[in-house]
Amino acid sequence: MFFFFVGGLEQQARQVLKSGAGRCIACGSRADLVEYDKVLKLFFVPVWRWPGKQPLMHCNNCNLFFPQSPEKEAALRCQFCAREVDPAFRFCPFCGSNL
Ligand SMILES: [Zn+2]
Ligand SMILES: [Zn+2]
């Protein structure tokens, strides 16, 4: 006996929080910051839906959901205290060294 599971988990934008808040990481189109629902579908019918925890970016062009802040570039480390420092800083906020 076979058991067919035709379904899956989808994400659907529920509400646009900020239109054009960023760019799609895949196609470069304008992406919106949205609140989304996770939707469980069985046989293409939504059977369960619950809200996502955090807002996500959503591309209207390729329908991709992705986190609002993509991976940061390699973090800069203070060469004196070895802590991670925002690359925008000119001085280490921990030890005050010139970066
Ligand atoms: Zn896209
Ligand atoms: Zn430091």
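Biologist: Let's start with the hairpin of β4 and β5: how many residues lie between the strands, and which residue in the turn has a positive phi?

Modeller: There are 5 residues between β4 and β5, and the turn residue with a positive phi is Asn 63, at about 60°. Strands here are DSSP runs of E with at least two residues, helices are runs of H or I with at least four, and both are numbered from the N terminus. Before we go on, this is a predicted model, where local features need pLDDT of at least 70 and side-chain atom pairs count only at pLDDT 80 or more, while totals for chains, interfaces and linings use all residues. Residues are numbered from 1 along each chain as its sequence is written, with chains lettered from A and ligands numbered from 1 in the order in which they are written.

Biologist: Is Asn 63 buried or exposed?

Modeller: The general idea is a neighbour count: with C-beta atoms placed from the backbone, a residue is buried if 20 or more other C-beta atoms lie within 10 Å of its own, exposed if 12 or fewer, and partly exposed in between. Asn 63 counts as exposed because it has 12 C-beta neighbours inside 10 Å.

Biologist: Which strands does β2 pair with?

Modeller: β1 is joined to β2 by 12 bridges and runs antiparallel to it; Leu 9, for instance, stands opposite Leu 40 in β2. β2 also pairs with β3, antiparallel over 6 bridges, with Lys 38 opposite Trp 50 in β3. Then there's β4, again antiparallel to β2, over 4 bridges. There, Ala 31 has Cys 59 as its bridge partner, and Asp 32 has His 58.

Biologist: What do the turns of the other hairpins look like?

Modeller: The hairpin of β1 and β2 has 6 residues between the strands, and Gly 28 takes a positive phi near 80°. Between β2 and β3 there are 2 residues, and Phe 43 in that turn has a positive phi of about 50°. Phe 44, in the loop between β2 and β3, has a positive phi too, near 65°. Phe 44 is exposed, because 8 other C-beta atoms lie within 10 Å.

Biologist: Which way do the residues of β4 point?

Modeller: In a regular strand the side chains alternate between the two faces of the sheet. In β4, Leu 56 and His 58 point one way, Met 57 and Cys 59 the other, and all are buried.

Biologist: Which residues make up the largest nonpolar core?

Modeller: Nonpolar side chains tend to be buried together in soluble globular proteins. A nonpolar core is a set of buried Ala, Val, Leu, Ile, Met, Phe, Trp, Tyr and Cys residues joined through C-beta atoms within 7 Å. The largest one here has 6 residues: Ala 31, Val 34, Tyr 36, Leu 56, Met 57 and Cys 59. β2 and β4 are the elements that give two or more residues to this core.

Biologist: What does Cys 59 touch?

Modeller: Contact means two C-beta atoms, placed from the backbone, within 7 Å. Leaving out residues up to four places away in sequence, Cys 59 touches Cys 24, Ala 26, Cys 27, Ser 29, Ala 31 and Leu 64.

Note on methods: Two strands pair if DSSP finds at least two bridges between them.
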